[in-house]
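Please look over the sequence and the 3D structure shown here before reading on. The report that comes after them is written for a reader who is new to both.

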Amino acid sequence: MSAQLNGQLEAKLLDSETIDLGHYWQTVRRYLWRIIGLAVFITVLVALIVMSVTPQYTATSKLLIESKQAKVLSIEEVYGLDSSRKEYFQTQYEILKSRHIAEKVVEKLKLYENPTFAPGYEASKANFVSKQLAAIKSGVISALPFLPQKEITVLTEAQQLERRKSYAAAKVMQALEINPLVNTQIVEISFEHEDRQFAAIAANAVGDVYIENYLESKLDMTTKATTWLNESLQGLRTKLSTAEKRLSQFYETEQLVNIDGVVGLAADELQGLTQQMLSAQTAYNRAETLYNQVNSGATIAELADLPEVINHSSVQNVKREQIGAQSRVSELSKVFGPKHPKMIAAQAELRSIQDSLNDQIRSLVSGVNTEFSTAKLKLAALKQEVSVNKEKFRSLTNLESRHKALQREVDINQQLYSSFFTRLNETTELGGFESANARMLDLAVPPSAPSKPKKGLIIAAALIVSLGFGVFLAIAMDALNSGIRSVDDVERKLGQRMLGLIPLETHNKKKNLAVRHFFDSKRHTFSEAVRTLRTSLQLLNIDKPSKTILVTSSVPKEGKSTVSINLAFAMGQLSKVLLMDTDLRRPTIGNQFSLPGFQPGVANLIAGTHTLEECIVTDEMSGIDIICAGTMPPNPQELLASDSFKALMQDLKGRYEHIIVDSAPTQAVSDAIVVSKVCDSVVYVVKADSTSDKLITNGLSRFLQVGHRVDGVVLNQVDLRKAKKHGEYTGFYDQYGYHSYNTDTKAEQTQKS
């Protein structure tokens with residue numbers, strides 16, 4: 001049974017996660033007239049409020065903002081605006097919406113004198129409800145001194161005027177709307193007011209004020225620029241004069257005419273001397289080398305081998321003569337002897353040439369010494385002259401640097417002065433030229449229809465929203481309602497089958513329903529509902545008919561005893577039936593049938609103090625037998641759990657075809673759980689739209705825990721007026737007015753006969 005219980009719980013969870021649109025539709029149908037009433041009430045209320053609102057008119061003008069202005073002179077630097085950039089247009093839109101423009105509009109149209117822009121105008125136009133709420137609020141604040149009180153301050157006339165202007169400017173900003181058209185330079189200026197004529201005037205005034213403000217700002221910037229340029233020119237003129245005076249004094253002090261020419265000559269002269277000194281240095285180095293070689297103590301033969309000597313032209317000539325003489329001596333020595341006159345003459349010539357060569361070499365050595373001394377003196381003289389010229393050139397360079405610095409100062413001041421002077425002339429000329437950056441494209445005209453409130457749209461929206469709100473409330477109330485009111489609730493919330501319903505019957509609330517109400521011919525709907533319950537039980541257990549049927553509920557006052565009695569009446573029309581009261585704590589069956597308090601019953605039978613015949617009472621009208629609870633014992637649950645009670649029930653099953661057992665509520669005590677062990681079926685009675693589904697589920701689960709099934713639920717005290725509208729209980733009562741009482745009576749008589 002635990003697995004069965006878990007299966008039922010899982011089925012309920014899955015069912016709760018499924019969105020049942022049909023259930024929601026039935027909920028809406030149930031609350032339909034309430035939803036419509038709420039929607040009508042809210043719509044009428046909104047309509048009254050909308051009708052009392054003063055209509056507002058919106059006039060629109062169009063302003064074209066130029067991206068490129070007519071430039072008479074190129075002095076954009078004075079204004080610092082690049083009209084070709086996107087930020088420029090965005091800036092103009094913000095200027096149009098600024099408080100500065102609003103204040104100028106107030107001044108232009110004298111709105112501080114207009115009553116519609118006065119601080120107290122909104123309060124005077126408020127509807128009755130708003131005025132009453134304001135009065136109540138003021139009264140509460142004044143009656144409770146501990147709340148912050150509004151201080152009354154006395155303002156001067158100037159302060160009052162300033163306050164009116166500030167309030168009017170705020171109202172203008174609130175009524176003004178700037179809407180730039182996409183991908184254009186056109187701006188729509190819309191103004192909202194209750195007066196259509198004034199709305200058009202104000203929309204045009206905003207555009208005019210914007211253009212005038214631009215021209216005024218331009219003129220103001222031009223004036224400021226002119227003033228600043230004049231002041232700057234005075235300083236630049238003084239600086240230029242000072243720089244020129246310094247340059248003139250420099251020329252006079254240094255006695256210069258053309259410093260650039262003097263420096264050039266000095267540079268050329270220094271360069272020539274430097275070249276001469278380098279050549280002299282080279283010659284000196286060569287002469288010094290020869291001098292050192294010549295004066296190193298070498299012989300004439302060694303000196304003759306020096307490259308400088310060998311390469312000398314005079315030495316080379318003598319060398320050639322020497323070679324020729326040696327050749328002749330060699331040739332003559334082959335022919336003549338040493339003392340031959342020709343040999344002697346040739347020898348003499350050779351010696352003469354050799355002496356000449358030696359003299360030439362000595363002469364060259366003497367010339368090397370002289371050349372070395374000369375080269376040394378020349379080099380020293382050139383070095384001295386270069387040093388003097390360097391010092392002179394350095395001095396001239398310093399003079400040139402000072403001259404350049406002074407000249408540069410003069411040039412810079414001259415350029416600045418000329419530039420500022422040109423800008424001053426341009427600004428002065430521009431001061432008399434007014435070029436606006438925008439122009440009015442379309443002037444606003446008085447609108448023919450109000451822009452708000454859109455009464456039809458608001459009323460339609462109020463109707464739709466109120467209907468939606470009503471539907472939401474209906475679904476919310478249904479979701480928050482934990483009671484059982486329909487077949488769908490029985491199946492969805494409890495997971496049980498619906499066996500039948502007992503309609504709500506009008507009777508004295510202080511008294512119970514008449515015990516034989518079932519037989520009243522005027523109450524055929526009630527009777528048919530009980531018969532439908534009887535039929536459901538018979539069809540449910542058609543294979544194995546249930547002899548003992550336990551009837552219980554969750555809590556008292558749900559009508560389980562009424563269901564037990566009337567089910568017994570219905571069963572008694574077809575078979576022999578016993579109605580048995582096992583609620584030994586608060587018995588009601590005996591009182592219902594007006595049995596005396598000493599009448600023995602179930603408790604006496606279990607205790608063995610009375611016989612069965614002494615305890616059975618037969619109802620003459622219905623023909624059913626009744627066993628009441630009997631004497632109230634101190635231990636009712638122990639008696640019901642005893643073997644004697646089981647034996648009693650076994651004995652009664654042999655005597656009767658059906659036994660209807662009325663038991664105690666499950667949430668009060670556990671007697672019904674104990675009694676269910678000896679019963680074949682359990683019928684659970686639920687009071688419609690009253691008992692919590694959690695309480696019912698708890699009671700049902702107790703039967704499942706002990707392994708006993710519940711055949712179904714009987715919904716008691718159902719309001720059929722609602723059921724007839726929605727058809728939620730079709731098939732469980734005489735919905736169409738058929739009266740089958742006579743038919744059942746005939747069937748009963750036929751069966752008994």
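## Basis of the description

This is a predicted model, in which local features need pLDDT of at least 70 and side-chain atom pairs count only at pLDDT 80 or more, while totals for chains, interfaces and linings use all residues. Residues are numbered from 1 along each chain as its sequence is written, and side-chain values use heavy atoms, with hydrogens and water left out.

## The largest pocket

The largest pocket holds about 860 Å³ of space. A pocket is, on a 1 Å grid over the protein atoms alone, an open set of points where a 1.4 Å probe fits, with protein on both sides within 12 Å along at least five of seven lines, and its lining residues have an atom within 4 Å of a point. The volume is the space filled by probe spheres set on the points, which are joined across faces, edges and corners. Of the 32 lining residues, Asn 512, Lys 557, Glu 558, Gly 559 and Thr 562 are the closest to the centre of this pocket.

Strand E5 (498–503), helix H19 (560–572), helix H20 (589–592) and strand E12 (712–718) each give two or more residues to this lining, and the largest share, three residues, comes from H19. Helices (H or I, at least four residues) and strands (E, at least two) are DSSP runs, numbered from the N terminus. By class, the lining has eleven nonpolar, eleven polar and ten charged residues, where Ala, Val, Leu, Ile, Met, Phe, Trp, Tyr, Cys and Pro count as nonpolar, Asp, Glu, Lys and Arg as charged, and the others, Gly among them, as polar.

## Enclosed cavities

The structure also holds three cavities of 30 Å³ or more, a cavity being a set of grid points where the 1.4 Å probe fits but cannot get out. The second largest cavity, with a volume of about 50 Å³, is lined by Leu 513, Ala 514, Val 515, Thr 562, Ile 565, Asn 566 and Gln 592. H19 gives the most to this lining, with three residues, and the lining divides into four nonpolar, three polar and no charged residues.

## Aromatic rings

There are eight aromatic pairs in the structure; rings of Phe, Tyr and Trp (its six-membered ring) pair if their centres lie within 6.5 Å, and planes under 30 degrees apart count as stacked, over 60 as edge-to-face and the rest as tilted. Tyr 88 and Phe 89 form an edge-to-face pair, 5.5 Å centre to centre with 75° between the planes, and both residues are buried (under 20% relative accessible area, with exposed over 50%, partly exposed in between, 1.4 Å probe, protein chains only). Phe 191 and Phe 198 are both buried, and Phe 518, Phe 519, Phe 569 and Phe 593 form one aromatic cluster.

Glu 107 lies in helix H6 (residues 99–109) and is partly exposed, with a relative accessible area of 40%. Leaving aside neighbours within four places in sequence, Glu 107 is in contact (heavy atoms within 4.5 Å) with Tyr 112 and Lys 165. Lys 165 in turn lies over the face of Tyr 112, at 5.1 Å from the ring centre, a charge sitting over a ring if NZ of Lys or CZ of Arg is within 6 Å of the ring centre and within 35 degrees of the ring normal.

In helix H17 (residues 487–494), Val 487, Asp 489, Val 490, Lys 493 and Leu 494 are buried. H17 is followed by Gly 495, whose phi is positive, near 70°.
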